[in-house]
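Q: Please take a close look at the metal site in this model. Which residues hold the ion, and where do they sit in the chain?

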Amino acid sequence: MTTIDRRTVIATGALALAGAAAQTGAAEAKAAPKPVFSVAMTTIPIVGERDVFPVRRIYCIGRNYAAHAIERGSDPTREPPFFFQKPTDAIQNVPVGVVADHPYPSLTKNYHHEVELVAALKSGGTDIAPEHALDHVYGYALGLDMTRRDLQNEMSAQKKPWEIGKSFDHAAVLGPIHPVSKVGHLTKGAISLAINGKVRQESDLSKMIWSVAEQISKLSEAFELKAGDIIYSGTPENVGPVVKGDVLLCKLETLPDMSIRIV
Ligand code: MN
């Protein structure tokens with residue numbers, strides 16, 4: 001009776017496993033795994049371009065105009081900016097020159113408008129210095145950070161995440177992107193929102209507590225920013241409710257208007 005060396009058995013087994021792995025690898029190389037179904041990529045039209053802007057993430061900054069910070073119950077001094085995200089497919093693209101139907105969402109009885117400047121990034125990184133931050137901006141758009149305020153407030157009062165108030169279908173209303181090469185960097189200029197012809201929100205981009213450059217810098221401390229990220233830069237004061245039938249008209253100096261009807 002021969003004694004089989006343990007190392008021989010292990011080595012032989014390892015060789016057999018390696019052979020099997022090589023065969024499997026060859027089979028996989030022939031047919032690479034593919035998604036079991038397709039998922040739509042969210043894109044945003046670009047003014048003057050046939051090609052579109054692919055969206056990676058949507059960041060939003062909260063309470064970035066002093067008067068709005070006060071109306072939401074916080075200190076308008078330069079406490080660090082805070083951020084939240086909306087799902088990428090929450091974007092509702094609104095073309096220039098039309099009044100787009102916007103569905104009143106489920107669960108809320110206090111649906112609010114927040115008109116905002118949106119910055120779209122063509123590149124990113126981590127720990128971006130404010131003086132280099134605008135180099136990453138591809139362009140700007142007019143946006144509405146639509147909010148189920150009652151749900152946001154209820155969750156906030158319970159110290160629970162208020163995602164349900166901010167992150168839902170169609171919650172990121174957005175006009176087309178205007179490339180920096182055509183409109184420059186938007187650091188000042190009137191921003192406003194009217195409902196049925198009556199102005200409700202009216203301010204100036206220069207009144208932001210944290211500039212877009214500073215927002216990018218601060219965001220990049222917390223997240224690695226990448227091309228395709230967009231940033232809702234905060235809303236001025238006088239947010240308020242909308243009801244079905246209301247027509248909202250958003251204006252941002254130098255950009256075409258954006259309009260939706262609540263249906
Ligand atoms: Mn907002």
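A: In this predicted model, the manganese ion is coordinated by Glu 114 (OE), Glu 116 (OE) and Asp 145 (OD), at 2.0 to 2.1 Å. Along the chain, these donors follow the spacing E-x1-E-x28-D. Glu 114 lies in the loop between strand E7 (111-113) and strand E8 (115-121), while Asp 145 is in strand E9 (residues 137-145), so the pair ties together parts that are 31 residues apart in sequence. Glu 114 is buried, with a relative accessible area of 4%. Asp 145 is also buried, at 1%; the cut-off for buried is under 20%.

Strand E7 also takes part in an open sheet of 3 strands, in the order E10-E7-E16, with antiparallel pairing. The edge strands are E10 (147-148) and E16 (240-242), each of which pairs on one side only. E7 and E10 are joined over 2 bridges, and His 112 has Thr 147 in E10 as its bridge partner.

The structure contains 6 aromatic pairs. In one of them, the ring centres of Phe 53 and Tyr 138 are 5.8 Å apart and the planes are at 40°, so the pair is tilted. Phe 53 lies in strand E2 (residues 52-54) and Tyr 138 in strand E9, so this contact ties together parts that are 85 residues apart in sequence. Phe 53 is buried, with a relative accessible area of 5%, whereas Tyr 138 is partly exposed at 23%.

Methods. Residues numbered from 1 in each chain as written. Predicted model: local features only at pLDDT ≥ 70, side-chain atom pairs only at ≥ 80, totals over all residues. Heavy atoms only, no water. Donors = N, O, S within 2.8 Å, 3.2 Å for Na, K, Ca; no water. Helix = DSSP H or I, 4+ residues; strand = E, 2+ residues; numbered from the N terminus. Buried < 20%, exposed > 50% of the residue type's maximum accessible area, 1.4 Å probe, protein only. Pairing = 2+ DSSP bridges. Phe/Tyr/Trp six-rings, centres within 6.5 Å; stacked < 30°, edge-to-face > 60°.
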